[in-house]
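Trainee: Hello! I am new to this structure, and I would like to walk through it with you. Could we look at it together?

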Amino acid sequence: MAQYESLKAKFEAAGQGHLFNFWPQLKAPEREALLAQLSALDIERVNRVFAKAIQAESSPSAEAEKIEPPPADAVESVLGSPEKVAEWRAAGLDAIARGTVGVILMAGGQGTRLGSTDPKGCYDIGLPSHKSLFQYQAERIAGVQAVAEKEIGKPTGSVIIPWYVMTSGPTRKATEKYFRDHKFFGLKEQNVIFFEQGTLPCLTMDGKVFLETPSQVAVAPDGNGGLYAALRQPLKPTDPSRTVLSDLESRKITHVHAYCVDNCLVRVADPVFLGYSIQKQADCAAKVARKTVPTESVGVIALRGGKFGVVEYSEISQEQTERRDPKNPEELAFRAANIANHVFSTAFLARVESFESEMAFHIARKKIPHVDLQTGQVVKPSTPNGMKLELFVFDVFPHAQQLVILEVDRREEFSPLKNAPGSKSDNPETSRADLLSQQRRFLEAAGATVKDGVEIELSPLATYAGEGLGAVKGKTFSRSGLIENVQELDALV
């Protein structure tokens with residue numbers, strides 16, 4: 001009773017007392033569930049987040065509206081710079097071999113749009129091996145560990161890249177089970193750490209928290225930018241001192257590669273990107289693909305009011321999208337397309353808490369089912385009736401003291417999986433085709449011939465990014481199939 005009275009007074013003071021509207025009718029287990037949820041909810045923070053989001057949306061400053069391309073000295077490219085790429089790669093492999101690199105996977109999404117009830121990382125894009133996105137990325141980690149061991153001269157199995165997998169509430173159990181069922185895809189279980197993205201209550205248009213049921217608040221994931229708060233949350237309730245940040249510190253990790261699960265071409269723990277970021281002493285680095293068509297619906301990294309940020313295609317004028325680079329008129333001025341692929345220093349991640357309150361959440365107006373406070377009936381609206389609040393991973397950009405950008409070849413590193421099979425773009429068919437086309441290029445660059453119509457899948461355990469394929473030189477591949485290691489080449493020749 002004391003907890004109830006205390007919480008009710010707290011929520012009434014915050015203008016959210018309606019959450020106790022059905023208390024008299026609730027049974028004991030329902031009351032316990034509601035009190036547990038409300039006890040864990042920082043309602044004052046919810047109110048602050050809502051107020052700042054409304055303020056940011058309704059009154060952007062004139063300075064913030066000034067958008068300019070990123071300065072030339074903040075941007076480098078892997079295109080046409082083989083000497084620099086080799087230097088960055090060597091620095092990155094050295095860091096990996098010294099054990100100072102970790103990987104953060106943002107994997108909270110479900111495969112609903114793909115017609116799947118599983119977490120998105122479980123999806124099979126139709127490769128000959130039928131490996132899922134999770135398996136391919138795990139094998140890329142194993143692959144680059146092996147490359148670092150070989151090139152830096154480390155014993156086999158001595159190089160470790162810890163993998164921090166961020167799930168959402170709905171995907172946590174299924175993701176962990178999938179990894180366990182597949183024996184962590186050959187990685188050591190103690191080096192795969194699961195943690196959970198946070199949530200925020202769904203709100204009415206005037207900031208009141210929705211009830212999903214009489215005894216349960218309606219919540220939604222707080223966006224991939226919820227990563228930063230999630231890094232500080234206990235990994236287990238029984239050990240509140242152990243967080244992702246503390247685990248990184250205990251392992252002496254200085255840099256992490258963070259990326260989204262839905263890119264089948266992602267180079268996990270890419271030594272080139274890591275080496276570039278380390279050499280530039282960057283707080284934060286962003287990989288970008290070159291935007292070539294003004295009308296492409298993609299956000300670009302730019303300066304907004306003199307600070308780095310991502311400008312969505314809906315926020316930029318037609319004149320700006322069509323503007324050309326005065327030093328390179330063949331290219332667009334705003335061409336640094338954001339692909340949600342970053343390197344952070346762990347020192348910067350630890351500082352995010354100091355400026356997190358300055359970051360405004362983004363408002364997504366949605367149709368939110370809820371309980372009518374008068375009748376207790378479930379309402380399923382046909383038009384948007386409320387909002388979900390999200391923070392994006394790039395919302396930290398304005399706060400980085402040193403942010404750098406690396407342009408990469410889109411066809412080698414970016415093929416997003418967003419849409420259902422048979423849709424126009426960014427679907428399982430395009431992902432499959434892009435990955436197999438890349439691997440054909442790997443073989444041909446190494447001196448092999450691949451006959452028309454033949455599809456060869458190269459496991460990341462056979463090659464991470466096209467290296468180590470000297471054995472294929474002069475060979476002709478006439479049969480489709482999977483190569484798990486270079487010893488299997490002759491079966492498909």
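Trainee: How much space lies in the largest cavity?
Mentor: Welcome! Keep in mind that this is a predicted model. Counting cavities of 30 Å³ or more gives two. The space in the largest cavity comes to about 80 Å³.

Trainee: Which element gives the largest share of the lining of the largest cavity?
Mentor: The lining includes Tyr136, Arg140, Gln438, Gln439 and Phe442. Two elements give two or more residues to this lining, helix H6 (133-152) and helix H14 (428-445). The largest share is three residues, and the element they come from is H14.

Trainee: How do the residues of that lining divide into nonpolar, polar and charged?
Mentor: Among the lining residues are Leu265, Leu458 and Pro460, along with Arg267, Glu412 and Thr463. The lining of the largest cavity divides into three charged, three polar and six nonpolar residues.
The lining also has a domain side to it. At least three of its residues come from each of domain 1 (1-424) and domain 2 (425-492). To come back to your question, the division is six nonpolar, three polar and three charged.

Trainee: Which element gives the largest share of the lining of the second largest cavity?
Mentor: About 60 Å³ of space lies in this second largest cavity. Its lining includes Tyr123, Asp124, Leu133, Tyr136, Gln137 and Leu435, and it divides into seven nonpolar, two polar and two charged residues. The largest share, three residues, comes from H6.

Trainee: Let us turn to the strands. Why is strand S13 largely enclosed by the rest of the structure?
Mentor: Strand S13 covers residues 300-304. A residue is buried if its relative accessible area is under 20%. S13 is largely enclosed because the number of its five residues that are buried is four.

Trainee: Which residue in S13 stands opposite Ile67?
Mentor: Strand S1 (residues 67-68) and S13 run antiparallel and are joined by two bridges. Opposite Ile67, the residue in S13 is Arg304.

Trainee: What is the bridge partner of Leu303 in S14?
Mentor: Strand S14 (residues 307-311) runs antiparallel to S13, and five bridges join them. In S14, Leu303 has as its bridge partner Phe308.

Trainee: Which residue takes a positive phi in the hairpin of S13 and S14?
Mentor: This hairpin has two residues between the strands. The phi in question is near 60 degrees, and the residue that takes it is Gly305.

Terms used. Residues are numbered from 1 along each chain as its sequence is written. This is a predicted model: local features need pLDDT of at least 70, side-chain atom pairs count only at pLDDT 80 or more; totals for chains, interfaces and linings use all residues. Side-chain values use heavy atoms; hydrogens and water are left out. On a 1 Å grid over the protein atoms alone, a cavity is a set of points where a 1.4 Å probe fits but cannot get out, and a pocket is an open set with protein on both sides within 12 Å along at least five of seven lines; lining residues have an atom within 4 Å of a point. Grid points are joined across faces, edges and corners, and a volume is the space filled by probe spheres set on the points. Ala, Val, Leu, Ile, Met, Phe, Trp, Tyr, Cys and Pro count as nonpolar, Asp, Glu, Lys and Arg as charged, and the others, Gly among them, as polar. Domain bounds come from an automatic or database domain assignment. Buried means under 20% relative accessible area, exposed over 50%, partly exposed in between (1.4 Å probe, protein chains only). Two strands pair if DSSP finds at least two bridges between them.
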